[in-house]
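Here is a short briefing on one protein model. Look at the structure first, then read the points below.

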Amino acid sequence: MKTSDFRPFIIPIFLPNLGCPHRCVFCNQAVVTGAKQNIPSPEKLQFQINKFLDYKGKRRNRVQISFYGGNFLGLKKNYIKSLLYEATKFVNEGKVESIRFSTRPDTIDNDRLDILKDFPVKTIELGVQSMDNHVLTMAKRGHTSSDTEKAVNLLKKRNYEIGLQMMIGLPGDNEIKALATGRRIADLSPDFVRIYPAIVFEKTILASWYKKGSYTPLSLETCVSLVKKLYLYFRKNSIQVIRMGLQASEHLEKNSTILAGPHHPAFGHLVYSEIFLDMAASILESKRRESKKRESKKDSCDKVVIKVHPQSISRMRGLKNKNIEILKTRFHIKSLKIISDFSIKKDEIQLHF
Ligand code: SF4
């Protein structure tokens, strides 16, 4: 795993759908973020950044101002420069370490990247969504997988930290294509990835397809299981997954903006819980096989203790203790305890019988 922390304290500046050449079928950033669709004035920007800096206190060292929710390099050059100029003032004052933004792969070219030269931009995230050209066409992305490859190569030449965002469950997508996208993203060796499920938001093209019955989103269960496979693949390839599922926000939970789809406020937790459940189940399964080999008549364990790192207790338990119930039922366990142990790695477990 690369050692840098790609999860700094982020000061988010939302630019909903600004700079987008058109609307992708799944997207309505104003609905997701609740933010207004205009470029913030310098005064507004200063106010917003200062508000977050007050909130931050002394909690984290690495602070980044982040322009999200639109297509940053698709903005007019003078807007790009003025936003970066305002953000740079905070970097010069030593209050912020650097700037990051998200943009479309097809906005990355030498001309646009030259604009950034004079500003302390460190991290660039690309909305890749899929590496399957058919899925990209169906989602009306307006770019291809080779645009993503070219963009990553250009960013690498200029030594930016690179984050790639993928989305699963889009029209035309399936498990094979999503896993292939995961592999091609890993081949590009980004510093980190985010995995989002396709959600049907109000006032999107996807919403109209969903209402007509021509699009069916993934179920939460299928989606969690697929994201788990992707997460494990990225982990094996030493690529940090910094987010799985949409960022839970009051706005998102309060408003009925989601028509359908595998949204859960604790989506990432569901994925981690399933990974821990699989680990425990596989150890218990081998124990059961061993007992059968020894022709032991006993097909149950009276007592099982699972030791995990303290920070992994809730992942091992699962949401509302679901994992404990599943394991007890599946393996006929009478008493199952989960205890914390600092000596165990965060992504490992130990079983005692
Ligand atoms: S997904 Fe990105 S590029 Fe597409 S409309 Fe939304 S913000 Fe714009």
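**The nonpolar core**

The largest nonpolar core holds 84 residues, and Ile 168 and Val 227 have the most contacts inside it. Such a core is a set of buried Ala, Val, Leu, Ile, Met, Phe, Trp, Tyr and Cys residues joined through C-beta atoms within 7 Å. Buried means that 20 or more other C-beta atoms, placed from the backbone, lie within 10 Å of a residue's own. The model is predicted: local features need pLDDT of at least 70, side-chain atom pairs count only at pLDDT 80 or more, and totals for chains, interfaces and linings use all residues. Residues are numbered from 1 along each chain as its sequence is written.

- Helices (H or I, at least four residues) and strands (E, at least two) are DSSP runs, numbered from the N terminus.
- Domain 1 (9–264) and domain 2 (273–352) each supply at least three residues to this core. Domain bounds come from an automatic or database assignment.
- The centres of domain 1 and domain 2, taken over C-alpha atoms, are 37 Å apart.

**Strands**

- In strand S3 (residues 98–103), 5 of the 6 residues are buried.
- Strands S2 (residues 63–68) and S3 run parallel, joined by 4 bridges. Pairing takes at least two DSSP bridges between two strands.
- Ser 66 stands opposite Arg 100 in S3.

**Around the ligand**

- The residues surrounding the ligand include Asn 17, Arg 23, Gln 29 and Arg 104. Near means a C-beta atom, placed from the backbone, within 6 Å.

How values were computed: A residue is buried if 20 or more other C-beta atoms lie within 10 Å of its own, exposed if 12 or fewer, and partly exposed in between; C-beta atoms are placed from the backbone.
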